[in-house]
Amino acid sequence: MTTTDVRPRGRWVRGVRRTLTGLHPALESVLAAVVGLLVGAVLMYIWGYDPWRAYWALLRGAFGGDYEIASSIARGVPLIFTALTFSICVRAGMFNIGAEGQMYIGAAAAVCVAYFQLPAGLHLLVGILFAAVAGAVWSLGPALLKLTRGVSEVISTIMFNWISRFLVFYLVAFVLVDPRQAQRTVRIPVSARFPILVQGTDLSYAVFMAVAFSLLVYVVLWHTAVGYEVRAAGLTPTAARYGGISIKRTMLLSFALGGVAAGLAGAATTMGLPPTYAIISGLPELMNLGFDGMAVAMVGRNHPIGILFAALFFGGLNAGGRVMQFYGSNPVPLEMVRVVMGAIVLAMAIPELIRLFPALAEAGRGLARTIARRKPATEEGA
Amino acid sequence: MRKWLGLALVVMLAATPVFAGKVAVVLDVGGRGDLSFNDMGFKGTDQAADDFGLEMVEVQSATAADYLPNLRNLARTREYDLIICVGFLLGDALDQAAEEFPNQKFAIIDSVVDAPNVMSIVFRENEMSALVGALGAMAAAHYGYPNVGVVLGIEIPVLYHFEAGYRFGIDWGNKKYAAVTGTAKPTGLLYTYTGSFSDIALGKAATEAMLAQGAVGVYNVAGPLGIGDLEAITEFHRNKGTKSGPPYYFGVDANQDWLGKAMHALASGMKRVDTGCYTAVKAVVEGTFVGGITSLGLAEGGVGISKFIDLLEFIDFGISAGALRPEDRDETLANWAVNRGTIPAWIWRAVDELEAGILDGTILVPTADTGAEMQAIRALYTLGAP
């Protein structure tokens, strides 16, 4: 018995896998999106919704016109920042789950500008600065714990998220509260708001800040010495250290830059999103932007430019998802919309997930091997 | 392929019969499944759509950032005769949307949006809270409990209506008890603003503290926190080894009497969000829609204290939502009857008397909209506080 003559299927599976892993990233993403859409379609079909009309509503709602496109972009803006938080740290070899909490702190800091007056442009800049600094400061907690005590950043950032969540709950309820409208904080004055870019939509000038920050991160990581060190430390820390790179410095730097990004996500939401321009009790306008950002980072392959497209895709999914609920005569309830979105996002994140978690890839390979072997094994037994 | 799909869609749309009208319901992030506020908003609109032959769509919001886009998306289609916003959290978004779409009719529950195309539906929660307060005060005096409690959410003006009415009701109940029995046993009030409409644990903790101070019952004025209130009361009974009687749970918004198989829920101060939505749709259909404030109280059937007929309606509501098993229906009804039987008939008659008085206008229940007004009422009805 030789392996070659009983495992033609094994070779076939290996061949498919090699083809898949050798694909161009963009093609891979498209393939993943198709798989996700198909899974979503099957789910909707099973529960009695017409997938074609639902997807048509999604497409129309996401990119059907100027209004729709602007709404999609607006929905994606904060996600660009929180995705960058995650990606910068991944490039430095760390899993920073803390964007959510850092964003809350950034948003709370931005609201503080309501307590003083400044000329229009300056007021906005001060608010942005507040949020950026607050986000960076909050990210120092987990960073210092890791550098000085070796605490895993995965654990500490998750715990810091809870601390900041309840801290901001407290600030919203007791410190920044609007005495006349106790369900929210004081409103950020007009002089510190991002002007609306497309009238009648949510899209504000915050989108330029998001794109500029993405490009900045790209330049820093790929076209400066510091960025080279960060990426080198992320790829192989031991070799980087042998090469004279201070791992502590790159870690601290990437955490701080990530914190700035998360803080800006808070600023973009509180200062750039009509109509409230305040934090509402329970943080319903901020909740999950940080975690969604991690999915955006995966879909965008942890690359600042990829993230821009992924955030647009995400914003489109969300904006279109709103429309799926009522468009045409095939309304799909929000719960189902989110299941379908989850399927699409998961499918699109899988290639990057496998890359990030070698164990996952190994499990996948093991599964492929098992599938490949099962048939011949039963034939042998018979 | 896509072009073909678009064509197919156009053909399909052209083939569908034109409906007489369309209404949309927009919910806040709380969404469906709360068995209370949001579900009632859906229920009332659905009922109205059925009765008047309208098409209805429901739009939920995944985050607060969806409020304004949802309203704009619907208004832009120019297809909806009415867009109903369920909950005051949508107020800011509607403020803006109403201005952007002056020809679109809107309605909002529980908030006031000052625009000619918005019907703001508010409730006189003070009226039904007075009934619950009177019931609680007389029950406390009857069983020798010193206090009656209320657990509230975030300190917003809407909740002042509840507190003001509750205070008035307790005071009324104290006087009534003294007049009927000849002995004055004034019941005190324990109240807590938890600062949350979502943290169930806060409701439980606040209720436990009140039960320790001898509260005969706790009125839930914080939506989902009532689950925690009822849990604390149920545990108290379990430790004491009792199955009915005090301490009681007083539900809010929906008829919550059936919660926990009606073991300890004595009555609910109902705020009929469904009636509010129905009223708005009816006004549009009948052409009587006007912007401005529509206030619903006992007289309009907008608020009330729970009766047997409401219990039947909401048990079916709970069963259809999967929150109550159909086989528990009879047990729930039996428990409810036993628990209600622990209150003497004269107290129930006294509550009816207060209700009749409010209805015919001989009894005026005070209310409060601002912190200052609330302070004045707290000073007027101190209820045991120094």
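The dialogue below takes up one chain, then the interface, then a single residue.

Author: This is a predicted model, in which local features need pLDDT of at least 70 and side-chain atom pairs count only at pLDDT 80 or more, while totals for chains, interfaces and linings use all residues. Residues are numbered from 1 along each chain as its sequence is written, chains are lettered from A and ligands numbered from 1 in the order in which they are written, and side-chain values use heavy atoms, without hydrogens and water.

Reader: How many helices and strands does chain A have?

Author: Helices (H or I, at least four residues) and strands (E, at least two) are DSSP runs, numbered from the N terminus. Chain A has 16 helices and 2 strands.

Reader: What share of the residues in chain A is buried?

Author: Buried means under 20% relative accessible area, exposed over 50%, and partly exposed in between (1.4 Å probe, protein chains only). In chain A, 51% of the 382 residues are buried. The C-alpha trace of chain A spans about 85 × 65 × 35 Å along its principal axes.

Reader: How much area do chain A and chain B bury between them?

Author: The size of an interface is often given as the accessible area lost when the parts come together. Buried area is that loss, found with a 1.4 Å probe and summed over both parts. Chain A and chain B bury about 3100 Å², 62% of it on carbon and sulfur atoms. On the side of chain A, A:Tyr67, A:Arg322 and A:Phe326 lose the most area to chain B, together 21% of what that side buries.

Reader: How many residues of each chain are in contact?

Author: Contact means heavy atoms within 4.5 Å. By that rule, 30 residues of chain A meet 35 residues of chain B.

Reader: What is the count of salt bridges between the chains?

Author: A salt bridge is a side-chain nitrogen of Lys or Arg within 4 Å of a carboxyl oxygen of Asp or Glu. The count between chain A and chain B is 5. One pairs B:Asp66 with A:Arg75, with the closest N and O atoms 4.0 Å apart.

Reader: Is B:Glu125 buried or exposed?

Author: B:Glu125 counts as buried because its relative accessibility is 1%. B:Glu125 lies in helix H5 (residues 125–143) of chain B. Leaving aside residues up to four places away in sequence, B:Glu125 touches B:Asp110, B:Val158, B:His161, B:Phe162, B:Lys271 and B:Val303.

Key
Buried area is the accessible area (1.4 Å probe) that two parts lose on being put together, summed over both.
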